[in-house]
Amino acid sequence: DPQQLELATSGKRKLRRFIVIDEVVDELYGSKVREYFEDNNVQHKILALPTTEETKSMDLVLNILQEVQSFSIDRRTEPIIAIGGGVCLDIVGLAASLYRRRTPYIRVPTTLLSYVDASVGAKNGVNFLQCKNKLGGYTPPVASFLDRSFIQSIPRRHISNGLGEILKMALMKHKGLFDLLKSHGKYLLDTKFQSYNGSADHGDAALQTTRIAIETMLEELAPNLWEDDLDRLVDFGHLISPELEMRVLPSLMHGEAVNIDMAFMTYVAYARGLITAEEKQQIIQCMRGLELPVWHRGCSWALIKRALMERLKHSGGQTRMPLPTGLGVAEIFNDTSEETLERAYKLWVRD
């Protein structure tokens, strides 16, 4: 913005920024972030917090807002910056949306999951009464800054966790993305999504997979940003996983819980005759290749029934169940019988 630039360079007014950073990210990159703001002569406050599913609460939101109030920001020209994984981006997004009714904020994702998922869209929220994201709203960021170099410092399991959400988009919308994950999954895990010159066999698989995942996510979310239409392909993997994830915390990460849900739904699609045995096998093999769990003992038949009842409550009385109808194509179904679900569950457990 030329006006902001003129203000900043004329010395009439010093730029000010309030930054919330995940405490683990702060240990790794905090010195670089501080150096950046100091070099650019920006007055800043950096608040490092533990942002995990267990701490994702209104208490943490209020903690942030107390610090914002004491720092005192201009709610139109001084966006709050969130640097961290999806939980951090969710919490800060909610805090910003509440402060003075709507303060702009910027997302800087530092995990693969948040890079391809939480960085896109308008949703923010916190957990409440043991329910995932029960409190929240729809306030898009003014920008998301994507930098894959953050991903090189996260553990391999976290890379796999992010691949769960990428696979979701591949199964729902993009056969080419599914083929990329099948061919380059291990390479992406080994290289932690960094781009290297000279790896002709793989091309720039990291750039291709993240770009396609984000573009397909945007295609789905942009026309329906406030979820006026509850028929959403991006809900694949999110029917049973919220209940499972909260039930077994902290043993499953978000993308892992999503993948277990997707694995079961793949069996549902097979039981309904929507996909062949070979397509089912290809999907499960791809999941294993991405080092994602395809089953969890906590995902009992009772939990599945409870989760689907909860789904009915919040989806206008219909299950709105996204299911693959091939590789990279899908539809939403409201007529899956309990008998079909139980048959799929027995096959899944047996395998």
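Two strands pair if DSSP finds at least two bridges between them. Helices (H or I, at least four residues) and strands (E, at least two) are DSSP runs, numbered from the N terminus.

The model is a predicted one, in which local features need pLDDT of at least 70 and side-chain atom pairs count only at pLDDT 80 or more, while totals for chains, interfaces and linings use all residues. Residues are numbered from 1 along each chain as its sequence is written, and side-chain values use heavy atoms, with hydrogens and water left out.

**Exercise 1. Describe how strands E5 and E6 are joined.**

Step 1. Strand E5 covers residues 123-128 and strand E6 residues 131-138; they run antiparallel and are joined by 5 bridges.

Step 2. Phe128 has Cys131, in E6, as its bridge partner.

Step 3. The two strands form a hairpin with 2 residues between them. In the turn, Leu129 has a positive phi of about 50°.

**Exercise 2. Characterise the aromatic pairs formed by Phe18 with Phe71 and by Tyr36 with Phe37.**

Step 1. A pair of aromatic rings is described by the distance of the centres and the angle of the planes. Rings of Phe, Tyr and Trp (its six-membered ring) pair if their centres lie within 6.5 Å; planes under 30 degrees apart count as stacked, over 60 as edge-to-face and the rest as tilted.

Step 2. The structure holds 7 aromatic pairs. In one of them, Phe18 and Phe71 are 5.9 Å apart centre to centre with 50° between the planes, a tilted arrangement.

Step 3. Phe18 belongs to strand E1 (residues 16-22) and Phe71 to helix H3 (residues 58-71), so this pair ties together parts that are 53 residues apart in sequence. Both Phe18 and Phe71 are buried (under 20% relative accessible area, with exposed meaning over 50% and partly exposed in between; 1.4 Å probe, protein chains only).

Step 4. Tyr36 and Phe37 form an edge-to-face pair, at 5.3 Å centre to centre and 75° between the planes. Tyr36 is exposed, at 52% relative accessible area, whereas Phe37 is buried, at 7%.

**Exercise 3. Determine the surroundings of Phe236.**

Step 1. Phe236 is found in the loop between helix H8 (205-221) and helix H9 (241-247).

Step 2. At 0% relative accessibility, Phe236 counts as buried.

Step 3. Beyond its neighbours within four places in sequence, the contacts of Phe236 include Lys168, Leu171, Val258 and Pro322. Phe236 and Met321 lie 85 residues apart in sequence, yet 7.3 Å apart in space, C-alpha to C-alpha.

**Exercise 4. Examine the backbone at Glu227, Glu291 and Pro250.**

Step 1. Glu227, in the loop between H8 and H9, has a positive phi near 55°. Glu227 is buried, with a relative accessible area of 16%.

Step 2. Glu291 has a positive phi near 60° and is partly exposed, at 42%.

Step 3. The peptide bond from Leu249 to Pro250 is cis, with omega near 0°.

Notes. Contact = heavy atoms within 4.5 Å.
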